[in-house]
Amino acid sequence: MSTPDCLFCRIVAGEIPATVVRETPTTLAFRDIGPKAPVHVLVIPKEHYADVATLAQDDPGLAGEVLAAAAAVAEDEGLLGDGFRLMFNTGAYGGQEVFHVHAHLLGGAPLGPMLARNLA
Ligand code: AMP
Ligand code: ZN
């Protein structure tokens, strides 16, 4: 179901432009507007789920399609040889800002350690 005031639902609906790199009947992949690496693509299910936990619980098959789409984009972008990072920011502590589940596909340069350990 589409959620009208959700930014990524609006991208799926074509109401907001995006640089789409891959589309399947159930998923969409488009370039992040503020790239954090030479390749930074967001991969989403077209259907609205708030986060990866909800998606995995309610439709694990679709979660798999999102992963398969991300792997296909990684191949298209030439990332399979040197590697890449795939991550789902989730909730407040995870730093999630857009509450339509999205995988960040990052690559094209060494990405450094996964996290800077800087906990209070
Ligand atoms: P997150 O913090 O995991 O929710 O990530 C949200 C991501 O969406 C950020 O990396 C933003 O740069 C990206 N973003 C926000 N608006 C757009 C947009 N209109 N098109 C593409 N990416 C966007
Ligand atoms: Zn949405």
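A polar contact is a pair of N or O atoms within 3.5 Å; within protein, one atom must be able to donate a hydrogen and the other to accept it, and residues adjacent in sequence count only if both atoms are side-chain atoms. This is a predicted model, in which local features need pLDDT of at least 70 and side-chain atom pairs count only at pLDDT 80 or more, while totals for chains, interfaces and linings use all residues. Residues are numbered from 1 along each chain as its sequence is written, chains are lettered from A and ligands numbered from 1 in the order in which they are written, and side-chain values use heavy atoms, with hydrogens and water left out.

Oxygen atoms of ligand 1 meet several side chains: an N or O atom in the side chain of His104 lies 2.8 Å from one such oxygen, a polar side-chain atom of His102 is 2.8 Å from an oxygen of the ligand, and for Asn89 the distance is 2.9 Å. Of the 510 Å² of accessible area that ligand 1 has on its own (Shrake-Rupley method, 1.4 Å probe), the protein covers 85%.

Around ligand 1 stand 16 residues (each with a heavy atom within 4 Å of it), and the closest are Asp32, Glu97, Val98, His102 and His104. This shell divides into 7 nonpolar, 6 polar and 3 charged residues, where Asp, Glu, Lys and Arg count as charged, Ala, Val, Leu, Ile, Met, Phe, Trp, Tyr, Cys and Pro as nonpolar, and the others, Gly among them, as polar.
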